[in-house]
Amino acid sequence: MTPRHLLAPARLAGSRLLATQSDERLVDLSRAGSEPAFEAIVTRYRGQLLRYCSALLGRERGEDAVQQTFVNAYDAMLRDDRPLLLRPWLYRIAHNTSHNALRDHALRHEPLDREVAAVADWPEQALERREQLRSVLDSVQDLPPRQRDALVLRELEGRSYDEISAALGVGGGAVRQL
């Protein structure tokens with residue numbers, strides 16, 4: 001354990017200096033309130049723990065598990081001042097967090113929604129919608145320019161008849177007729 005009189009100046013150390021410190025010293029500094037010391041721990045072990053958790057959970061859920069591991073480790077470090085071997089301790093927390101995530105995910109079984117169950121129909125529906133949209137766009141393109149402009153301003157841009165009248169330089173009745 002680092003003597004008390006050495007903790008205060010060490011808490012002001014930069015990340016490069018902290019990266020050279022032992023795990024035991026980083027734990028002592030973290031417990032003394034040095035956030036950069038805990039950041040050095042995270043930097044040192046994040047990649048290793050991410051590989052471990054990702055092997056159990058997959059990449060995305062593995063990242064969540066690693067983040068939760070460090071949250072749990074930080075809380076535990078501040079609660080208890082017993083000596084610890086940082087690397088195996090972090091791996092144990094990561095292991096437990098990953099297994100909790102596996103267990104919790106397995107318990108959240110929900111029946112498939114009808115929309116999700118009809119996934120096989122989605123490509124056909126998307127193709128049908130695309131063809132309908134193409135037909136509408138072709139029809140709009142075939143309109144005379146002023147009529148097309150009035151329709152686009154009203155239906156796509158949501159402008160009022162007065163705004164359309166001002167934009168096209170025609171009266172309100174002409175806008176409605178277009």
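View 1. Arg82 is exposed, with a relative accessible area of 57%; exposed means over 50%, buried under 20%, and partly exposed in between (1.4 Å probe, protein chains only). Asp80, at 24%, is partly exposed. The two side chains meet in a salt bridge, 2.5 Å from N to O. The term salt bridge stands for a side-chain nitrogen of Lys or Arg within 4 Å of a carboxyl oxygen of Asp or Glu. The model shown is predicted: local features need pLDDT of at least 70, side-chain atom pairs count only at pLDDT 80 or more, and totals for chains, interfaces and linings use all residues. Residues are numbered from 1 along each chain as its sequence is written, and side-chain values use heavy atoms, with hydrogens and water left out.

**View 2. Glu63 and Arg59 in helix H5.** Glu63 forms a salt bridge with Arg59, and their closest N and O atoms are 3.1 Å apart. Because they lie 4 residues apart in helix H5 (residues 59-79), about one helical turn separates Glu63 and Arg59. Helices (H or I, at least four residues) are DSSP runs, numbered from the N terminus. Glu63 has 31% relative accessibility and counts as partly exposed, whereas Arg59 has 53% and counts as exposed.

**View 3. Arg44 and Asp23, a link between two helices.** A salt bridge joins Arg44 to Asp23, with the closest N and O atoms 2.5 Å apart. This pair links distant parts of the chain: Arg44 belongs to helix H4 (residues 35-57) and Asp23 to helix H3 (residues 23-31), 21 residues apart. Arg44 is partly exposed, at 26% relative accessibility. A search of the whole structure finds 3 salt bridges.

**View 4. The largest nonpolar core.** This core has 23 residues, and those with the most contacts inside it are Ile41, Tyr45, Leu49, Phe70, Leu86 and Leu90. H3, H4, H5 and helix H6 (86-107) each supply at least two of its residues. The largest share, 9 residues, comes from H4. A nonpolar core is a set of buried Ala, Val, Leu, Ile, Met, Phe, Trp, Tyr and Cys residues joined through side-chain atoms within 4.5 Å.

**View 5. Leu90 and its contacts.** Leaving aside residues up to four places away in sequence, Leu90 touches Ile41, Tyr45, Leu49, Thr69, Phe70 and Ala73. Contact means heavy atoms within 4.5 Å. A second, separate core has 5 residues, including Ala150, Leu153, Ile164 and Val170.
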